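I opened a new page for this structure.

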Amino acid sequence: MTVFTATERRSHLLSAVSHGGAYGVKNLTASIELAAQATFPHTITFGYVPSNARLLGSSRLYWDDTIATSTTTFDLGLGAVDGNLAQSDDPDCLAVDLDITTASTTGTLAITAFADYGLPAWDFVASEASDPGGALRVYGTVNDALTSGPGTITLELNYVVD
Amino acid sequence: MTVFTATERRSHLLSAVSHGGAYDVKNLTSTIELAASASGTTINFGYIPSNARLLNTSRLYNDDLSNAASPTLDIGLAAVDGNLENSDDPDAIGNGFSLSAAGSDNPIISDPVNIGLPAWDLVLSETSDPGGVLMVYGSVKDAATAILGTITAEIYYVVD
């Protein structure tokens, strides 16, 4: 019988008995009532997380069915704060081309690639090779068509800081 | 009108105002790129305190790892340093997750009655907290996997 060991994505400074083996889960919840927009794309800042925040798969996006018509899509990404990223802002490093033309009331994965769950935020940014420190901006981009609005988009981003 | 009170599964040492009524939610996120593996293969996803109360936000994500057969994955708990009185329980937390189709956001705790119970209490016949930590592990069952693919487990828990 083969025994494999999965890669734990949490601080290795804690044993499984001190602090319950991990620091507490943090949360960034942000919501916007988006009016109809005359132009696209446009971006939405949801807030800021530490650059080393380990982003968790329980993070969800919610939107209602009045937000968009036609082929409107939505991306979720990370951007620099005070120019801290060595690379460009990455507008779709968390999720890309989410269809927001029909409601998502039970939640849609805010981070699509489950192989990446638990990676630090900076590591989601394309080509970023090391932790730049500071905070990163979590932002969404509404693409491809006009939103009809007004409609709500809510992000619940869960993370752990080592 | 009858008023019932549900069983709270959290520390009773805290009032609802101190510490917000509960200690922090903890997380164990583990991922593996699993090569083609025989039935019986096990995967160590990491360790949690024996008294960790497992929460239903715990989810399993997997690629399609099979092109013909129907392997499944069980998620269980095992002793560390021989702390359990009873045998390791390979499907204590969840069982029968299909590995022959991509899976996303599947609740790891198969039986809702177990949500919020301490980990040790999910181990078959275990009657008291052995202390220490328990290993969360997966077992490939029913058939071999045939395709390289990712399995990610996100375990959420609270420690009293």
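**Entry 1: an open sheet.** I began with chain A and found an open sheet of 4 strands, in the order 4-10-7-8, with antiparallel pairing. From one strand to the next, the twist averages 20 degrees. I note that the model is a predicted one.

Entry 2: I picked strand 7 (residues 73–79) and strand 10 (residues 135–143) of chain A. They run antiparallel and are joined by 7 bridges. For one position I looked up the partner: A:Gly77 has A:Tyr139 of strand 10 as its bridge partner.

**Entry 3: strand 6 of chain A.** This strand covers residues 60–63. Which residues make up its covered face? I found A:Leu61 and A:Trp63 there, while A:Arg60 and A:Tyr62 form the uncovered face. I then listed its pairings. With strand 9 (residues 104–109) of chain A there are 3 bridges, in the antiparallel sense. Here A:Arg60 has A:Leu109 as its bridge partner. With strand 11 (residues 151–160) of chain A there are 4 bridges, and these two strands also run antiparallel. In this pairing A:Tyr62 stands opposite A:Thr154.

**Entry 4: where the chains touch.** How many residues does each chain bring to the contact? I read 26 residues from chain A and 33 residues from chain B. On the chain A side, strand 1 (3–5) and strand 2 (7–8) are the elements that give two or more residues. Strand 1 supplies the largest share, 3 residues. By type, the chain A side divides into 14 nonpolar, 9 polar and 3 charged residues.

I followed strand 1 of chain A across to the other chain. It runs parallel to strand 2 (residues 42–49) of chain B, and 3 bridges join the two. A:Val3 stands opposite B:Thr42 there.

**Entry 5: the core.** I looked up the largest nonpolar core, which has 80 residues. A:Ala110, B:Ile48 and B:Ile155 have the most contacts inside it. Strand 9 (residues 149–158) of chain B gives the most to this core, with 6 residues. In soluble globular proteins, nonpolar side chains tend to be buried together.

I finished on B:Ile155. What does it touch, leaving aside neighbours within four places in sequence? My list reads B:Asn27, B:Leu28, B:Ile48, B:Leu54, B:Ser58, B:Ile108 and B:Val136.

How values were computed: Residues are numbered from 1 along each chain as its sequence is written. Chains are lettered from A and ligands numbered from 1 in the order in which they are written. This is a predicted model: local features need pLDDT of at least 70, side-chain atom pairs count only at pLDDT 80 or more; totals for chains, interfaces and linings use all residues. A nonpolar core is a set of buried Ala, Val, Leu, Ile, Met, Phe, Trp, Tyr and Cys residues joined through C-beta atoms within 7 Å. A residue is buried if 20 or more other C-beta atoms lie within 10 Å of its own, exposed if 12 or fewer, and partly exposed in between; C-beta atoms are placed from the backbone. Two residues are in contact if their C-beta atoms, placed from the backbone, lie within 7 Å. Ala, Val, Leu, Ile, Met, Phe, Trp, Tyr, Cys and Pro count as nonpolar, Asp, Glu, Lys and Arg as charged, and the others, Gly among them, as polar. Two strands pair if DSSP finds at least two bridges between them. Axes are lines fitted to C-alpha atoms, for helices over the stretch in contact, and angles run from 0 to 180 degrees between N-to-C directions.
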